[in-house]
Amino acid sequence: MLKLSVEEFSRIQRFMMLAEKDSEVYRAMRERYIDLKVILTVSGVNLTEIDRIKE
């Protein structure tokens with residue numbers, strides 16, 4: 001599960017970087033980004049290196 005969460009976190013960040021920040025799509029992806037960030041943080045993953053969005 002942890003591996004899948006890291007992969008999805010990376011994938012959602014790539015999509016977010018391609019989307020317009022004021023779009024509905026970006027806002028929807030941002031919700032999932034935050035969910036994944038919480039899951040990974042609680043699991044003890046250090047996001048310093050893999051968090052490219054920095055929100």
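Four salt bridges occur in this predicted model; a salt bridge is a side-chain nitrogen of Lys or Arg within 4 Å of a carboxyl oxygen of Asp or Glu. The protein has two helices and zero strands. Helices (H or I, at least four residues) and strands (E, at least two) are DSSP runs, numbered from the N terminus.

- E7 pairs with K3 at 2.5 Å, N to O.
- Both lie in helix α1 (residues 2-18), four residues apart, about one turn of the helix.
- E7 is partly exposed because its relative accessibility is 33%, while K3 is exposed at 58%.
- Buried means under 20% relative accessible area, exposed over 50%, and partly exposed in between (1.4 Å probe, protein chains only).

**Salt bridges between distant parts**
- E8 and R32 meet at 2.8 Å, N to O.
- This pair links E8 in helix α1 to R32 in helix α2 (residues 24-42), 24 residues apart.
- E8 is partly exposed at 27%, and so is R32 at 30%.
- D51 bridges to K37, with the closest N and O atoms 2.9 Å apart.
- D51 sits in the segment after α2 and K37 in helix α2, so the pair ties together parts 14 residues apart in sequence.
- D51 is buried, with a relative accessible area of 6%.

**Whole protein**
- Of the 55 residues, 25% are buried.
- The C-alpha atoms fill a box of roughly 30 × 20 × 15 Å along the principal axes.

**How to read the values**
- Residues are numbered from 1 along each chain as its sequence is written, and side-chain values use heavy atoms, without hydrogens and water.
- Local features need pLDDT of at least 70, and side-chain atom pairs count only at pLDDT 80 or more, whereas totals for chains, interfaces and linings use all residues.
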